[in-house]
Amino acid sequence: MTATLFFEQLLNGLQFGVMLFLMSAGLTLVFGVMGLINLAHGSLYMIGAFACAAVVAVTGSFILGLVASFIAAAIAGVLIEALVLRRLYQSGHLDQVIVTFALILVFSEGTRYLFGSTPLYLDIPDALAGTVALPLGIEYPLFRLAIIAAGLVVAAGLFFAVNRTRLGIRIRAGEADREMISALGVDISRLYMVVFALGAALAGFAGALVGAIQSVQVGMGEPVLILAFVVIVIGGIGSIGGALIAAILVGITDTMGRILLPQAFALITDAASANAIGSALASMLIYILMALVLVFRPSGFFGQRV
Amino acid sequence: MRFDSVFTLCAMGALLAVGAYGYLFDEPFVLTLAAKASIFALAGSGLHIALGYGGLVSLGHAAFFGIGGYAAGILASHARNYEVMLTWPVEISGTTSLPIIWLISMLAAGLVSIPIGLVSLRTGGAYFIMITLAFAQMFYYFAISWPAYGGEDGLSFYVRNSVGDLQTMNPWIWFLICYGVLVVALIFIGLMRRSRFGLALAMAKENPVRLANIGVSPRKVLLAAFVLSAIVTGLAGALYADLNRFISPAMLSWHMSGEIMVFVILGGVGRLGGAVVGACLYILLEQVLGGITEYWQLPLGVILIVIVLMGSGGVAGLLDRKGKAHV
């Protein structure tokens, strides 16, 4: 393998990891603050992608599409929080799993009803089309680079918001002791709504960005949701820093595994079976990584509670 | 009799009545649905050992369902194509004998559940849900990317496996087999609950510290329950493979895990016959709603949300207002 291909894949892994972080950040915040396990987070991702595709189809502006994805997912998030999930904060995880699973059914079928089953395709905006020349002779698509940049900017903003603002203090206080901060006069139900809307908006934003490189279709959120679970299990539930590190680790492991494992097996066996074994193993790699992390640190890198 | 026994007997009686109706009025479709309900009930009852009695919310039981199914499908397809499965270190060929297939499916599901259980029981609560979900997804992706047994397309084996001269392609006989397996499994689970192990399991869920204090390791008890649960669900997977004469990665998908859990919730957690009622109700809803609209999972989702938010404890909870589920 050439160095160029290697670094190109490394960047792809980074881009994948940044996307996973946007998904995981909301999931881990919602779990940390509200103690809610939300399977329907993947639906918010899908809603963001569809909102972006619909707005781009009408207006032709990708920027407006991104704004729409942000807003649509946040609104959907606030709606399900206020109508359904609010009643589940005191329930056990089993009820939360079933209700959010049912929400996935509702959102997926609803979207299929509105948009049909055929995938939509989002065009990359002209300004971001094409490739850029990076050092080492790498030609890398500008749009993927923009995704990495956008993801890192959002991550930085999130860290600033959580660590340096009044809202962030409340969020962290909510994670530490819910009863105490409501006793101190913070409107806890509004805080919950803000946290939920923020997490939903990040998921929708990620969905729109990924929708432009892949395709926009019903059910696109679930594989990403499960990867986001792997990320927050590795990073430690409730930890944003852990989510960032774990997301990039998972993104790079998955991408590099898919390239490197078949080549590694090609050294010891013939090409066809090397490809089969390598790609089958590569698809399991991040779960093996998760299992290994759990063997040594049962609550992830930065998790406190079990 | 206690409510739980009456509830279970009524549910099983109703299922048998549906099957008998299909037989008497010669409706193979009804018989196939009844067989499917028996199989789903078996899968749900398997999950319920971990979920209801052990309090382990596993969202990864599709892995065991699918592994049981794949074991059955792989054995059958090797036997039909007269291909040896393994030549080294011992020669193993496929088989179409149902008892052997069931045994191997249960063994496969049980063996796989041990490492999954060991890793996921290191944690608890929400971690457990996510980890079991992730491991199931691992097998799903493996089945998709492993081309030997159909990969993404799945694998057909055309004729149901059998034993002796049993005509398993006859829907009535096939229903009776599935129903019989379910009866045996329910008796086994009922006995297990009353056994020393069942009591230890109940305490591992309620008060693990106390259980540890009387000298029983809660983790070992929970692991045993998780493995038993996987074995029963794996057996259901083998039956499901034979029902459709087809296996595909869909059996391993996270959606399947969610459905198996829905069977348990619809019927009522903590009830022996809960999964039976839940599976029957699910198939009934699928038929009724599916007849009204192509998008039947939307109303199904709404119904599920309402049931859980009402906090009724499923059908059993509605019928048994005074009593409390043994959860």
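Which residues in α5(A) meet which residues in α6(A)? In this predicted model, A:A161, A:V162, A:N163 and A:R164 of α5(A) meet A:L167, A:G168, A:I171 and A:R172 of α6(A). By class, this contact of α5(A) with α6(A) has 4 nonpolar, 2 polar and 2 charged residues.

**Helix packing in the two chains**

Two packed helices are described by the angle between their axes and the distance between the axes.

| Helix pair | Angle between axes | Distance between axes |
|---|---|---|
| α5(A) (142-164) and α6(A) (166-176) | about 75° | 5 Å |
| α2(B) (28-53) and α10(B) | about 80° | 8 Å |

Because angles of 65 to 115 degrees count as roughly perpendicular, α5(A) and α6(A) are roughly perpendicular to each other, and α2(B) and α10(B) are likewise roughly perpendicular to each other.

In the chain B pair, α2(B) brings B:F40, B:A41, B:A43, B:G44, B:L47, B:H48, B:L51 and B:G52 to the contact, where they meet B:I260, B:M261, B:F263 and B:V264 of α10(B). The residues of this contact of α2(B) with α10(B) divide into 9 nonpolar, 3 polar and no charged.

Helix α10(B) itself has 14 residues and reaches 21 Å from its first C-alpha to its last, which is close to the 20 Å expected at 1.5 Å a residue. The helix α10(B) is mostly covered, with 13 of its 14 residues buried. Just after α10(B), B:G268 takes a positive phi of about 130°.

**The hairpin of chain A**

Strand β1 of chain A, residues 131-134, and strand β2 of chain A, residues 138-141, pair in the antiparallel sense over 4 bridges. Within this pairing, A:A133 has A:E139 in β2(A) as its bridge partner, while the bridge partner of A:V132 in β2(A) is A:Y140. The two strands β1(A) and β2(A) form a hairpin with 3 residues between them, and A:L136, which lies in the turn, has a positive phi of about 70°.

**The contact between the chains**

Across the contact between the chains, 37 residues of chain B are in contact with 38 residues of chain A. On the side of chain B that touches chain A, the elements that give two or more residues are α5 (125-145), α10 (254-267) and α12 (297-310) of chain B. Of these, α5(B) gives the most, with 14 residues. By class, the side of chain B that touches chain A has 28 nonpolar, 8 polar and 1 charged residues.

Leaving aside its neighbours within four places in sequence, B:Q297 is in contact with A:L105 and A:E109. Since 20 or more other C-beta atoms within 10 Å make a residue buried, B:Q297, with 23 such atoms within 10 Å, is buried. The C-alpha atoms of B:Q297 and B:Q137, which are 160 residues apart along the chain, are separated by 22 Å.

Is B:I231 buried or exposed? With 23 other C-beta atoms within 10 Å, B:I231 is buried, and its place is in helix α9 of chain B, residues 218-244. Not counting residues up to four places away in sequence, B:I231 touches B:M106, B:A109 and B:G110. From B:I231 to B:G13 the separation is 218 residues in sequence and 25 Å in space, C-alpha to C-alpha.

Two loop residues of chain B have a positive phi without being glycine. B:D26, in the loop between α1 (3-24) and α2 of chain B, has a positive phi of about 55° although it is not a glycine. B:D26 is exposed, with 10 other C-beta atoms within 10 Å. B:Y158, which lies in the loop between β3 (155-156) and α6 (171-194) of chain B, also has a positive phi of about 55° although it is not a glycine. With 9 C-beta neighbours inside 10 Å, B:Y158 counts as exposed.

Notes:
Residues numbered from 1 in each chain as written. Chains lettered and ligands numbered in written order. Predicted model: local features only at pLDDT ≥ 70, side-chain atom pairs only at ≥ 80, totals over all residues. Contact = placed C-beta atoms within 7 Å. Nonpolar A, V, L, I, M, F, W, Y, C, P; charged D, E, K, R; others polar. Pairing = 2+ DSSP bridges. Axes fitted to C-alpha atoms, helices over the stretch in contact; angles between N-to-C directions. Parallel < 35°, antiparallel > 145°, perpendicular 65-115°, else oblique. Expected span 1.5 Å × (residues − 1). Buried ≥ 20, exposed ≤ 12 C-beta atoms within 10 Å, placed from the backbone.
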